[in-house]
Amino acid sequence: MTPVMSAAGVKKKGAEYRFENESGDSVFLTFSTTRIDPEACVFFATCSFVPEPYREWLNRQHVEAGLPLADSSGVLAAYSVLPPDSCAHAPTAPGLARARWAFADRNRPVVGAGLAGQLEAEELPRIGRLLERPGLLAEITSSRSPSVRRWGAVQSELVLMVDDYTAQQKEVLLAAPELDDTFRRDYREWAGKRAGTVTLADGMGGSSS
């Protein structure tokens, strides 16, 4: 599995794989075990997305001191990598139980090959699509189940697309009844500061060329 991930530019640290694109948006592939079967190692594989605007939003009170490194705790969207039947702990189970992978000495090579093959054929292309903010937004706002969303759809859209939407587009979304006044106030303040920082950086770039 590691060679497949390394070839895609994904870095490994412990039981976690990480990739960050040029925009500072990160994805983490993490593995977590659960002790439910004494005869097998049962685990979940989870893809977690941490876009740079969401990381800044979570740390907006500390932006001037510098943002902390992205980690899989600041997740805007995530999904479980579903195993093929040959690698699943409970292939016919409903819900979250269907996402459990399992291996023992007897089928370790099968699970290793199955996971590597699925990552290369399905998950890495999907990760590539979701690391593009419009692609991630489409997944977050989709009605498909299970959802990748970990936060409200409107809040997610406002923060994810803060650099792309016009002030008018943002105000239309901010009028959504599910938002409270505290969020609206904090968002306007944060988005205004972020826009000023981006404008200043663009201006400095233009003056030096």
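Good morning. In this protein the largest nonpolar core comprises 46 residues, and Phe49 and Tyr187 have the most contacts inside it. A nonpolar core is a set of buried Ala, Val, Leu, Ile, Met, Phe, Trp, Tyr and Cys residues joined through side-chain atoms within 4.5 Å. Buried means under 20% relative accessible area, with a 1.4 Å probe and protein chains only. Helix α3, residues 108-130, supplies the largest share of this core, namely seven residues.

A word on the source. The model is predicted: local features need pLDDT of at least 70, side-chain atom pairs count only at pLDDT 80 or more, and totals for chains, interfaces and linings use all residues. Residues are numbered from 1 along each chain as its sequence is written, and side-chain values use heavy atoms, with hydrogens and water left out.

Let me turn to the overall fold. The protein has seven helices and six strands; these are DSSP runs, H or I of at least four residues for helices and E of at least two for strands, numbered from the N terminus. Read from the N terminus, the order of elements is α-β-β-β-β-α-β-β-α-α-α-α-α. The C-alpha atoms fill a box of roughly 60 × 45 × 30 Å along the principal axes. Of the 209 residues, 43% are buried.

Which residues does Tyr187 touch, leaving aside its neighbours within four places in sequence? Tyr187 is in contact, meaning heavy atoms within 4.5 Å, with Trp57, Leu158, Val159, Val162, Lys170 and Leu174.

One of these partners, Leu158, belongs to helix α5, residues 153-160. Leu158 counts as buried because its relative accessibility is 0%. With neighbours within four places again set aside, Leu158 contacts Lys170, Leu173, Leu174, Leu179, Phe183 and Tyr187. Leu158 and Lys170 stand 12 residues apart in sequence, and their C-alpha atoms are 6.6 Å apart in space.

Is Arg194 buried or exposed? Its relative accessibility is 7%, so Arg194 counts as buried. The side chains of Arg194 and Glu56 are joined by a polar contact of 3.2 Å. A polar contact is a pair of N or O atoms within 3.5 Å; within protein, one must be able to donate a hydrogen and the other to accept it, and residues adjacent in sequence count only if both atoms are side-chain atoms. Beyond neighbours within four places in sequence, Arg194 is in contact with Glu52, Pro53, Glu56, Val162 and Asp163.

Thank you.

Technical notes
Buried means under 20% relative accessible area, exposed over 50%, partly exposed in between (1.4 Å probe, protein chains only).
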